Amino acid sequence: MTDVARRFPGRARPDGRHYCIDFTLAEIRTLRVTERRRKDGEGARYPGRFPPGCGNFRIHALRDELEFIQGLNKSTGRCAGVYTEIKDPEWHTRHGMSLGDQVVSTLDACGYRSRNDPFFIQCFSGPELVRLRSRYGERLPLVRLLDEAANSTAASLSAIADYANAIGAAINLAWPDTGLMAGARQLGLLVHAFTFCADDLPAGVSSFDELLKVFIEQLGVDGLFTDFPDLVVDALHQRNF
């Protein structure tokens with residue numbers, strides 16, 4: 001969360017929210033970012049994480065992040081990839097902005113141009129991914145995000161396979177085992193599950209390691225999103241991945 005309400009009083013829309021498109025990049029760069037608080041504003045949403053209100057963290061543009069990652073890759077000799085999400089493309093289109101095209105253009109300018117490059121583009125909108133596939137061809141590695149059971153049926157997966165290379169599935173869609181993994185694999189889709197949090201475990205799971213064991217060893221997920229990358233890396237090393 002940011003201090004936008006304090007720094008720019010009177011700039012909220014009628015719904016009480018602040019939107020990036022109503023600010024210049026220079027204005028956005030002045031905002032201070034802090035850990036999330038509870039919806040009632042009292043205390044941290046995740047008390048065991050970084051204390052809210054501490055530090056002097058700022059918002060970066062996508063190009064800033066890409067250049068930072070590429071710089072680290074050069075200095076460390078590693079090859080960390082990027083996973084960019086197109087947020088609510090229909091809303092942005094209604095407001096005169098083709099967010100998907102801007103994301104693709106920025107990635108392209110930074111050298112992420114084909115499926116041989118270490119990047120993915122994800123989105124909850126099937127129509128937006130269909131549009132990107134039609135416009136840019138097969139070179140983009142596209143991921144359809146899923147958080148509703150209606151989008152994980154055999155028919156839905158078959159339709160997704162026509163335009164995407166992978167699905168990003170919410171944990172509850174893949175476990176308990178619903179056959180989602182098997183169905184996706186039959187269609188040649190990768191499966192990346194989200195979001196793995198040691199301090200926010202799904203019902204019926206007693207530990208973070210148990211959760212990882214289910215998805216890594218039993219389901220064989222191709223990738224996962226986590227707020228605890230250090231714990232996931234340790235778990236993968238222990239399992240000799």
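This is a predicted model: local features need pLDDT of at least 70, side-chain atom pairs count only at pLDDT 80 or more; totals for chains, interfaces and linings use all residues.

## Helix 10 against helix 11

Helix 10 crosses helix 11 in a right-handed sense. Helix 10 covers residues 208–218, and its axis comes within 11 Å of the axis of helix 11, with a crossing of roughly 60°. The two helices are therefore oblique to each other, given that angles under 35 degrees count as roughly parallel and 65 to 115 as roughly perpendicular.

On the helix 10 side, the contact is built from Phe208, Leu212 and Ile216, and helix 11 brings Leu231, Val232, Ala235 and Leu236 to meet them. Sorted by class, this contact has seven nonpolar residues, with no polar and no charged ones.

## Helix 5 and its two partners

Helix 5 packs with helix 3 and also with helix 6, so let us take them in turn. With helix 3, the axes are 10 Å apart and the angle is about 30°. Helix 3 and helix 5 are therefore roughly parallel to each other, as the cut-off for that word is an angle under 35 degrees. Helix 3 passes helix 5 with a right-handed crossing. Leu62, Arg63 and Leu66 of helix 3 meet Thr106, Leu107 and Ala109 of helix 5, a set that divides into four nonpolar residues, one polar and one charged.

Helix 6 spans residues 126–136, and its axis and that of helix 5 come within 10 Å, crossing at roughly 50°. That makes helix 5 and helix 6 oblique to each other, and their crossing is right-handed.

## The largest pocket

How much space lies in the largest pocket? The volume is about 2200 Å³. Its lining consists of 38 residues, and those nearest the centre are Cys20, Ile28, Ile59, His60 and Lys87. Several elements give two or more residues to this lining: helix 1 (4–7), helix 2 (25–28), helix 3 (62–76), strand 1 (82–85), helix 4 (89–94) and helix 5 (99–109).

Helix 5 turns up again here, as the largest share of the lining, four residues, comes from this helix. By class, the lining of the largest pocket holds 19 nonpolar, nine polar and 10 charged residues.

## The second largest pocket

The second largest pocket has about 740 Å³ of space. It is lined by 20 residues, and Gly81, Leu224, Thr226, Pro229 and Val233 lie nearest its centre. Two or more lining residues come from each of strand 1, strand 2 (119–123), strand 6 (223–226) and helix 11 (229–238).

Which classes of residue make up the lining of this second largest pocket? It has 16 nonpolar, three polar and one charged.

## Backbone details

Proline 176 sits in the loop that lies between helix 8 (171–174) and helix 9 (180–186). Phenylalanine 194 and threonine 195 are also joined by a cis peptide bond, with omega about -15°. Threonine 195 belongs to strand 5, which covers residues 190–196.

Aspartate 88 is worth a look too: its phi is positive, about 40°, although this residue is not a glycine.

Definitions and conventions: Residues are numbered from 1 along each chain as its sequence is written. Side-chain values use heavy atoms; hydrogens and water are left out. On a 1 Å grid over the protein atoms alone, a cavity is a set of points where a 1.4 Å probe fits but cannot get out, and a pocket is an open set with protein on both sides within 12 Å along at least five of seven lines; lining residues have an atom within 4 Å of a point. Grid points are joined across faces, edges and corners, and a volume is the space filled by probe spheres set on the points. Ala, Val, Leu, Ile, Met, Phe, Trp, Tyr, Cys and Pro count as nonpolar, Asp, Glu, Lys and Arg as charged, and the others, Gly among them, as polar. Axes are lines fitted to C-alpha atoms, for helices over the stretch in contact, and angles run from 0 to 180 degrees between N-to-C directions. Angles under 35 degrees count as roughly parallel, over 145 as roughly antiparallel, 65 to 115 as roughly perpendicular and the rest as oblique. A crossing is left-handed if the near helix is turned anticlockwise from the far one by less than a right angle, and right-handed if clockwise. Contact means heavy atoms within 4.5 Å.
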